[in-house]
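Reader: I would like to learn how to read a few features here. Please show me the structure, then take me through them.

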Amino acid sequence: MKVKLGLILLTAAAVSSCKVKQESVLHYVDPNIGTAHSRWFFYTPAAVPYGMAKLAPSTNGHYGNASGWEAVGYDTRQNSIEGFVHFHEWQVGGLSYMPSNGELRVKPGDLDGPEKGYRSKFDRKNEQAQPGYYKVLLADYGITAELTATKRVGFQRYRFPENKASHIILDVGNKQGESGEVTDAAIHMTDDTHFEGYIFTYPKYVKIYDPAGKVAMYFYGELSKKPADVTAFTANTLQRNTTKAKGPGAGLVLNYQTTADETIEVKTGLSYTSVANAKLNFTAEAKDLTFEEARKNAQQTWEQELGKISVEGKSDEDKTKFYTGLFHALLGRGIASDVNGAYPKHGGMAGQLPAQKDKGIKAEFINTDAIWGGYWNITQLWALSYPEWYGSFVNTQLQLYKDRGWFGDGIANSEYISGVGTNFVGLAVAAAYNSGIRNYDTELAYKAVKANDLDYRGRILGAGKLDTKAFLQYGYVPHLEQKGRDFVTDSTGSNFSGSHTLEYSFSAYATAQMAKAMGKTADYQQMMKYSNGWRALLNPANKLMQPKRADGTFVDKFDPYQPWRGFQEGNAVQYTFYVPQNPAGLVEAIGRDNFNKRLDSIFSVSEKLGFGGGKSIDAFAGINAIYNHGNQPNLHISWLFNFSGKPWLTQKWTRLIGRDFYGSEPIHGYGYGQDEDQGQLGSWYVMNALGLFDVKGLTDARPVIQLGSPLFDKARITLGNQKKLSIVTKNNSKDNIYVQSASFNGKPLDNCWLYRDELMQGGELTFTMGSKPNERWGTKLPPPSAQ
């Protein structure tokens, strides 16, 4: 259900300066979009941007998932709630609370038998989800539950009916979402109204990629009312009048006699390092804070952060897609460091972040899914208006490099959870440097970036790129095809040889450009040689990327539509366009006319399937299609027409992808059954709607921004350097999607691109739109593709 806040919420600036009521951008955020078949970290409305405390209802969280990455948590197709969980990150989940009354139950119960546990049915008419706040009526108990948060503290408020047997269940010892089984847990009351404890888990991806690791979560909580008595439980025991529990399945039940409409609040400090730091976070952020104050602060923070990009237009649906995408981008990755700079290290240990050298925004240690594909969405958004989070990402990875010797592709509390087996962290760091984001030791950063591409001795599984030696030896990754070994990568090659070759070539280009910018000429020349690895796989007979064996022959029985054989989460048709570092070279190799006809026809066909897997509710539904916007390898190719002489086709297809793939409903959100990796697809929509994108992911020594078809009549952007950029469209409408002419700060703009450093000076970028292509505009000088 979409909740419209209308004119009630005001930005702090509007209240303090102009005293004029201003429509809240929160009005356009709908957290329920895309909540069918959604990932564990996707639906967490009661949080602040990049918060550690991410509170949300769970419909099926205790089920976990066998593969470690599958949809779990909150599903709009399910109609009962089993608890309200505090931790929601990639491979991290835990600490569930649930209010109830009547007969005491300490198991959540099943979706098909809710009466057997403490879960409660609910009606979405009685549910509200907003940035920073969540509310629902639990129908079986007549209890209203509300959630909000600060960065590291979760707030829950329950309004009970009159009942002599009311309960608050604190479930700490059971798996939640992607967390894997709980290996140990404990909770105890420290006095009548305070409790503390910990949860240790062993997530599936930690087990695979960093087997000596574990994920630890700590908490310190405060109750607004002393319970009448406390019951303790574990997986197999139940003890009344007991105030502590330990082991898998552990938890406490706080028992109350409540009067009609009585309110009881619980606020909980969180930490990944220690109970002491959970208490410290609690004291620093929430000791004297009321629920309403926390809610107000959270929503003002969202107003401020979402308001850095303000859009105007005629379509409320477009604004809803835009701000919901931006909401997910700012929600996705979460801080893991405490207020005192402590951060989680490998194996449940704790470290201390170095003191900040400058007086800028403090860099936090963050948990993050892989950055696979993130250079075509989240890093570009960070670089545009949220450089502090790009800086935190880079600083996190450099801390890992110092601690463990390698970048971590995806990480959970410093544990490596690679997922895709590649590692694009070096590319993302190089792009940050080339974009002027440098709040870190740049020489150390370059050393780590170079090592990510060239070092292979002693490389651990979780660092990915186990076939680096083979890539360096052959100039491409040789294809391995062994029955019974479907996902194998080692020093001799990989099952995913095609995609790895293309990815490593792109990564080498980024490292080369960072070397160039830092005056490291020999490294630049070496890495540029590796950046051309893609040429080895382009079969001149079919003009497709085709995996190649170590003996130099292409694989036989080749089906370009077959996913997984040579190409991870995609196929040869999709990956043939994966040469973002040298679009001009790819266009030349395929032939300009052939390139344009093939790419245009791909979009014409895929439009019928909504640019993905059609309406199948499955994250991988589009994996064997010719274009799959729901996954990472394709996210740049609609922008390639800017390089191939037909920028009006980029304008057309990027506008239609935003219209059709992205929806504004719980089931049709990011495609159907989306795989929204922590705000990446939402970020793509934001950048696409602004008409700003870089196929190269900002990796050029002097990055370039390509121009598309801006969606809104006007966008006002607070850039990361605090300068202002306005993007204005004249004669804009849903049919007028083609650029007729453009200007920047009053000067005619004949190219379909700008250097990024020019754009970041701010000013006004103006487009005049029309219903038919202007095939002359933007074609004279394509974006630089220098090799």
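Author: Start with a charge over a ring: NZ of Lys or CZ of Arg within 6 Å of the ring centre and within 35 degrees of the ring normal. K548 lies over the face of F554, 4.7 Å from the ring centre. The charged end of K214 sits over the ring of F200, at 4.2 Å from its centre.

Reader: What should I know about the source?

Author: This is a predicted model: local features need pLDDT of at least 70, side-chain atom pairs count only at pLDDT 80 or more, and totals for chains, interfaces and linings use all residues. Residues are numbered from 1 along each chain as its sequence is written, and side-chain values use heavy atoms, with hydrogens and water left out.

Reader: How many aromatic pairs are there?

Author: Rings of Phe, Tyr and Trp (its six-membered ring) pair if their centres lie within 6.5 Å; planes under 30 degrees apart are stacked, over 60 edge-to-face, the rest tilted. The count comes to 52 aromatic pairs. Y198 and F200 are stacked, 4.8 Å centre to centre with 25° between the planes.

Reader: Are Y198 and F200 buried or exposed?

Author: Buried means under 20% relative accessible area, exposed over 50%, partly exposed in between (1.4 Å probe, protein chains only). Y198 has 18% relative accessibility and counts as buried. F200, at 16%, is buried.

Reader: Which strands pair with β13?

Author: Strands (E, at least two residues) and helices (H or I, at least four) are DSSP runs, numbered from the N terminus. Two strands pair if DSSP finds at least two bridges between them. Strand β12 (residues 194–201) runs antiparallel to β13, joined by eight bridges. Here E196 has Y220 as its bridge partner. β13 also pairs with strand β18 (residues 262–271), antiparallel, over six bridges. Y220 stands opposite G269 in β18.

Reader: Why is β13 largely enclosed?

Author: Eight of the nine residues of β13 (residues 215–223) are buried, so the rest of the structure largely encloses this strand.

Reader: Which residues have the most contacts inside the largest nonpolar core?

Author: A nonpolar core is a set of buried Ala, Val, Leu, Ile, Met, Phe, Trp, Tyr and Cys residues joined through side-chain atoms within 4.5 Å. The largest has 206 residues, and L306, F322, L690, L692 and L765 have the most contacts inside it. Helix α8 (residues 425–434) gives the most to this core, with eight residues. Apart from it lies another core of 15 residues, including A186, A216, Y218 and A286.
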